[in-house]
Amino acid sequence: RKKVGGNMKKAMIFDLDGTLWDSTQSAPFIWKRVLDKHHLDISITQEKVASLMGKTMEEIGNILFPSINEEKRNQIIDDFSEEEVNYLNEHGTILYEGIEETLEILSKKYDLYIVSNCQKGYVEAFLHTHHLEKYFKDIEMSGRTGKDKGHNILLLMERNHIQEVVYIGDTQGDQKASRFAGIPFIFVSYGFGNAWHPDKVIKSFKELTNF
């Protein structure tokens with residue numbers, strides 16, 4: 001999208017979990033419901049959920065259920081994915097402090113996007129429940145494309161003719177995806193992970209308005 005005068009608007013692409021919201025509180029309850037349905041006596045804590053943030057649903061299935069055959073494991077993951085999206089669509093979860101007011105400020109200066117390693121419908125649930133659709137130009141997720149985050153960032157950049165952009169996330173995986181896509185990485189230190197060599201570190205979401 002071009003501004004008057006032909007200058008391209010700069011862009012920001014966001015990770016979701018650990019960057020814009022924290023869905024770890026509802027996940028153990030949803031896991032219990034799904035595992036009960038499959039007659040599995042496995043307990044999945046909030047800490048365990050937090051440690052899996054940033055991974056694809058397939059990777060999560062491999063870590064949580066290594067001894068269960070692939071077909072059954074995929075069924076469990078599919079059931080959880082569907083249950084979680086339905087729950088979040090209805091109830092939402094915890095947004096980090098200052099998210100909406102900061103997005104409103106940023107959207108005047110930048111085109112905003114989301115790329116997440118989540119299941120299909122998850123980003124849409126975030127936008128729908130918290131009424132944030134108006135701030136974002138486009139979204140992409142591994143559950144829709146079957147690709148990893150680095151490829152999805154490139155896909156979204158190509159689709160929207162994005163040139164000047166940064167990726168904002170909370171894990172080493174986010175940094176790796178940014179490097180793969182050849183764009184700068186801003187690390188949010190309040191999230192779930194670590195990053196070894198980010199281009200910038202912020203301690204609160206509001207700090208993004210200082211650029």
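Predicted model: local features only at pLDDT ≥ 70, side-chain atom pairs only at ≥ 80, totals over all residues.
1. Overall form. The secondary structure of the protein consists of 9 helices and 8 strands. Its radius of gyration is 17 Å, close to the 17 Å given by the globule rule for 211 residues, so the protein is as compact as a globular protein of that length. The C-alpha trace spans about 60 × 30 × 30 Å along its principal axes.

2. The sheet. An open sheet is formed by 6 strands, in the order S5-S4-S1-S6-S7-S8, and their pairing is parallel. At its edges lie strand S5 (136–141) and strand S8 (200–202), each of which pairs on one side only. On average, neighbouring strands of this sheet are turned by 25° against each other, direction ignored.

3. Strand S7 (residues 185–188) pairs with S8 in the parallel sense, over 3 bridges. Within this part of the sheet, valine 188 stands opposite isoleucine 202 in S8.

4. A helix on the sheet. Helix H9 (residues 172–181) packs on the sheet, where it touches strand S6 (165–169) and S7. The direction of H9 makes about 170° with that of S7.

5. Contact of H4 with H6. Helix H4 (residues 70–91) and helix H6 (residues 122–129) pack at an angle of about 10°, and their axes are 8 Å apart. Because angles under 35 degrees count as roughly parallel, H4 is described as roughly parallel to H6. On the H4 side the contact is made by Glu84, Val85, Leu88, Asn89, Glu90 and His91; on the H6 side it is made by Tyr122, Ala125, His128 and Thr129. By class, the residues of this contact divide into 4 nonpolar, 4 polar and 2 charged.

6. Contact of H1 with H4. Helix H4 also meets helix H1 (residues 27–37): the axes of H1 and H4 come within 9 Å and cross at roughly 135°. That angle makes H1 oblique to H4, and the crossing is right-handed. From H1, the residues involved are Ala27, Phe29, Ile30, Trp31, Arg33, Val34, Leu35 and Lys37. They meet Ile76, Ile77, Asp79, Phe80, Glu83, Glu84 and Tyr87 in H4. The contact of H1 with H4 has 10 nonpolar and 5 charged residues, and no polar ones.

Technical notes:
Residues numbered from 1 in each chain as written. Heavy atoms only, no water. Pairing = 2+ DSSP bridges. Helix = DSSP H or I, 4+ residues; strand = E, 2+ residues; numbered from the N terminus. Axes fitted to C-alpha atoms, helices over the stretch in contact; angles between N-to-C directions. Contact = heavy atoms within 4.5 Å. Parallel < 35°, antiparallel > 145°, perpendicular 65-115°, else oblique. Nonpolar A, V, L, I, M, F, W, Y, C, P; charged D, E, K, R; others polar. Left-handed = near helix turned anticlockwise from the far one by under 90°. Rg over C-alpha atoms; globule rule 2.2 N^0.38 Å.
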